[in-house]
Amino acid sequence: MEVVVVGINHNNSPIEIREKFSFSESMKIEASDQILDKSAKEVTIVSTCNRSEIYIASDNIDLSIKEVKEFYKEFFNFYQAEDYIFVKIGRDAITHLYMVASGLDSMVLGEDQILGQIKEAMMFSMGLGFSKKVLNRLFMDAIAEGKKIRNKLKISEIPLSTSYIGISLLKREMGNLKGKSALIIGAGEIGMLAIKYLYEEELDRIYVTNRTYEKIKGICKDFNKLIPIEYENRYSILENIDILITATAAPHTIITYKDMKKLSDKLYILDLALPRDVETRVGEDKNVILYHNDDLQRLSQENLLRRKELSQEALNIIDEDVNKYINWISTLEVDPVIESLNKKCVSIKEETMEYINRKVELDKREKKIIDKMVMSALKKFLREPIKILKEVNEENSEEYIEIMKKLFQI
């Protein structure tokens, strides 16, 4: 039995291709049934916005791969699918799933969400009986691997978002943000992230403004501690705050040197916009500490490099654990032989006990003791051969299996 993954993901396919191969729950059931009607013995489908991957366990790898490729074309009625399909077999397939579960094959290196998606895929397939011993063990090991990598290396804790990096930088510079006050200009994605991160820091006051005042009112419903102000009043409030964060899509600067009043206290400014919201000259004021988007992007790139370094460490851990799974799967071939040996033991024990009971009169307790002793002796005799059988290399396993069958007549 060998493990294979056949799929389409963000590494080789744009979003307009990936979205063609998305599975709903009902589609997963139909697809799994169709695949199991062919040569595959087990199947688990992982379908997210970035990947559509079909994991199978099969005794006939070449045929199964061909069948799954054809399935993709026909099921989704997209006959150019093969241009985007990747295939990984054996060790490569196992390593791939471990990397996916660990967040090392994600668009954002080290992200956490995929681990839950892998678990959902496993539970779905296991619950409906589409996956069995081989894939159930593989997915359980992959989930354990994902947790292990995250706990040990904490890759996802190294921030990449400029909003988060900027606010972390302010915390470091200011010592603590608790009790401080801030103004956020801009209500787009970056501005919303900044609001979310500031909320966690327990500021005293958070003002927010935007060119479209109606949009601000909508945001204040979700974040009830926000204080909305008119866009025209943005300069007048600078004297009363500690932090200014700008994140607009304006094509020109919205905070200029000539329009700013002299500040008596320090003002930390995070300009997260591109093009810049804050004129460079504003930073010349002795009470202004100005960080532009470029400063934060540089830190983000440094953090990404650090994540990549840690991902190399993770690959070494994964490689070790992939070996453990491969060793386990190689023992599956000898399982039927071991089962037959155990049955032979039971059979010999029963014949022996039948003979003893005919020749010797024993009470119930004596029979039970002798029964256990005979079985223990038989198991002791087989313990070493079974141990050797479990440890043989995959390439020699068939030879050993045949020898055992002849020796023990099973």
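A salt bridge here is a side-chain nitrogen of Lys or Arg within 4 Å of a carboxyl oxygen of Asp or Glu. Between domain 1 and domain 3 the count is zero.

Ground rules. This is a predicted model: local features need pLDDT of at least 70, side-chain atom pairs count only at pLDDT 80 or more, and totals for chains, interfaces and linings use all residues. Numbering runs from 1 along each chain as its sequence is written, and side-chain values use heavy atoms, with hydrogens and water left out.

Now the layout. An automatic or database domain assignment sets the bounds: domain 1 is 2-157, domain 2 is 162-293 and domain 3 is 328-408. The C-alpha centres of domain 1 and domain 3 lie 39 Å apart. Their contact (heavy atoms within 4.5 Å) takes four residues from each of the two.

How much area do domain 1 and domain 3 bury between them? About 410 Å², with 75% of it on carbon and sulfur atoms. Buried area means accessible area, 1.4 Å probe, that two parts lose on being put together, summed over both.

Look at the domain 1 side. Lys133, Val134 and Arg137 lose the most area to domain 3, together 86% of what that side buries. Helix H6, residues 133-153, gives the most to that side, with three residues. Helices are DSSP runs of H or I, at least four residues, numbered from the N terminus. That side divides into two nonpolar, no polar and two charged residues. Val counts as nonpolar, Lys and Arg as charged.

Notes. Helices (H or I, at least four residues) and strands (E, at least two) are DSSP runs, numbered from the N terminus.
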